[in-house]
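This report describes selected local features of one protein chain. The sequence and the structure are shown first, and the description follows.

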Amino acid sequence: MVADNTPVIIGVGQYSERVGEPGYEALSYMDLGGQALAAAIANAGAIGQVADAIDTLAAIRAFEMSRPGKEPPFGGPDNIPGALAKRVGACPQRLILSPTGGQTNQQYVGEFASAIAAGDSQCAVIVGSEVISTALALAAKGEKPDWSEAIGGEFEDRGYGIDGMMEPVLFAHGATGAIPLYAIAENARRAKLGKGLEEYRRDIGELFEPFTRVAAANPHAAAPVERSAEQLATVTDRNRIVAEPYPRMTVARDQVNQAAAIIIASAGKARELGVPEDKWVHIHAVTSGTELELSERPDLSANPASIASVERALEIAGKGMEDMAFLDFYSCFAIPVFNQCDHFGLSANDPRGLTLTGGLPFFGGAGNNYSAHAICEAVERVRAHRGQFALVGANGGWMSKYAAGIYSAEPADWSGQRVAALPKASNGVARSNDPFDQATVESYTINHSRTGSDAVWIGRNADGARVVGNADLSDEATRAAFESGEPFGVKLNVTRDDRGRNIGRVI
C-alpha cells in the first residue's frame, strides 16, 4: 500500500503545432499551454475533477521574457500562471512564475513532490509553452495579434534567475548568447581530445544522427527529419557554421510551437480522484547543482555539477546507470551530452538511445520548458514498461545549472530523502579585468553572421589569471591561427581598444 502522502505523477500532456500544416491555429502562449494542461488532465484518466484539485500551478517563464527588457512581441497576461489555470477552470491557491533555466521543470518536480510528501500540497502542476515560430511567422506577415489578458490576482514571481550566468566581459567581446559560449566549451573539449575541426564535427554528427531518428518518429518534433552524421557534419550554405565548431543543424532549434504540462499529486488525492494506479509514476530522485561561471571553470570543457547531480540521483534511487532503461540527456548542444557520455562511458550508439524526444536541435529547444517534454516522454515509457527506470537530465544557462530526475512505475519510499541540492564548487580560477599585454589562448570560437566574423577567446595572462579577448582577424598570422582551428596555446600580444575590448594578435 503506497502511503497517502507519497507524491506521484498522475498526468502528462504535450501539445504542438507547426506553421502552415493542416490544423495550424497560430495559438498564443497561453492557449498552447492551456491545451497541454488539458491534455495532462485527460491523461490522468481520473473519475473526479483534477482541475478542481490543483492547489499549486507553476508557469515556466517563456524564452522571450527570460531576461530584463525582453517581452513577448504581442503582449501577454498580467498573471501568466493565473491565465493558464483559467484555461482549464482551475483556481489554485498558489501561483508561481518560474525563473529562467532549462533545469527548472526538473527542480519543480522535486520541490512540489517534497511539498506533497510534507503535507503542504495535494496536487501541483508545472506547465510551459513556447510559440516563437508562430510569433515570427505572424510578424513576417505584418500581423499583430493582441495576446494581452487582464487576469488580476497575485502570483509569486521568482525573478529571472540569471545570477551567475551573465558575464559582462564575455558579452562585451561578442559571446552574447548560448551558441558562442557553448562553442568555447566545445572547442576546449576538442583541444583536450586533440581533434581537428572536421573530425570533431563528425563526432557531433555521429552523436546526433540517432537523435534525428527519434525526432522523425515524434509527432511533436519541430524538425521531424532523419539525417545522417555526414549531413549534420558537412558545412554547406544551408548548414553553415554559426559559431565554430557548430553547423546550424547541430544547435538547439528555438523556432518551435510546443507546450507541455506535468501533474503531481499525493497518492491519497490520486485515489480520491479515481486515477488508476497504472497511471501513477513514482519520483525516485531529483537532484540539482550549480556550476561556476564559464570563465572561472578550471576546465573550460567540463561540467562537474551535472555529473555530480546525475551521480547523486542514481545514489538516492539506489541504481546505477546500467539500470536506466530510458535516458534523456539535455542536448541544446553536443557538449552537455558528451560530458555525460565521457564520464559514464556511454556510446553515441548506446542501444537505449540518449534522447526520448529527439533532442533540442531536432525535436526543438522549447526555451526553458524542454525538459517538461522529456519528463512527459519518460513518464509514458515507464508506464508502458513497468519495473523499468528513466533518467532525465536537465540543463540551464551555459552548463550553469543542472537537475536530474529518476522515474519509474515502481513505488518510491518517501519516508527518506529523495531530493537533494548539491553545494556549488568553490575552486574557481582567478580572473582579471585589468589591462594586460600578453595572453595564452585556452579556447575560442569564431562567430559567423551575415555581416561578418569575429573571434572570441578565453586564456591566461602572464600572471595566470583568466582573461577574455577578441582576435584581430585583420592580422594575417592571427587569422590563420584561429581559422585553422588550432589556436590553443598560441601566445598573443594584447592591446585595449577604445571600446574597452582586449584585442589579441599572434606574437
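## Backbone features in loops

Methionine 399 is located in the loop that joins strand S11 (389-396) to strand S12 (401-408). The model is a predicted one. Although methionine 399 is not a glycine, its phi is positive, at about 55°. Because its relative accessible area is 1%, under the 20% limit, methionine 399 counts as buried.

Alanine 26 also has a positive phi of about 55° without being a glycine. This residue is found in the loop between strand S1 (7-16) and helix H1 (29-43). Alanine 26 is partly exposed, with a relative accessible area of 23%.

A cis peptide bond links glutamate 244 to proline 245, with omega near 10°. Proline 245 belongs to the loop between strand S6 (241-243) and strand S7 (246-247).

| Residue | Relative accessible area | Class |
|---|---|---|
| Alanine 26 | 23% | partly exposed |
| Serine 331 | 0% | buried |
| Methionine 399 | 1% | buried |
| Alanine 480 | 46% | partly exposed |

## Serine 331 and its surroundings

Serine 331 sits in the loop between strand S10 (324-329) and helix H12 (334-344). A polar atom of the serine 331 side chain lies 3.1 Å from the backbone nitrogen of leucine 360. Beyond its neighbours within four places in sequence, serine 331 is in contact with Phe208, Phe211, Val337, Gly359, Leu360 and Pro361.

## Helices

H7 passes H12 in a left-handed crossing. On the H7 side the contact involves Tyr182, Ala185, Glu186 and Arg189, and on the H12 side Ala334, Ile335, Pro336, Phe338 and Asp342. These contact residues comprise 6 nonpolar and 3 charged, with no polar ones.

How many of the 15 residues of H13 are buried? The number is 12, so H13 is largely enclosed by the rest of the structure. Among the buried residues are His373, Glu377 and Arg383. Helix H13 covers residues 370-384, and at 1.5 Å a residue it should span 21 Å. The C-alpha atoms at its ends are 22 Å apart, which agrees with that expectation.

Alanine 480 is part of helix H14 (residues 476-483). Alanine 480 and isoleucine 10 are separated by 470 residues in sequence and by 58 Å in space, C-alpha to C-alpha.

Terms used: Residues numbered from 1 in each chain as written. Predicted model: local features only at pLDDT ≥ 70, side-chain atom pairs only at ≥ 80, totals over all residues. Heavy atoms only, no water. Helix = DSSP H or I, 4+ residues; strand = E, 2+ residues; numbered from the N terminus. Buried < 20%, exposed > 50% of the residue type's maximum accessible area, 1.4 Å probe, protein only. Polar contact = N/O pair within 3.5 Å; in protein donor to acceptor, adjacent residues only side chain to side chain. Contact = heavy atoms within 4.5 Å. Expected span 1.5 Å × (residues − 1). Left-handed = near helix turned anticlockwise from the far one by under 90°. Nonpolar A, V, L, I, M, F, W, Y, C, P; charged D, E, K, R; others polar.
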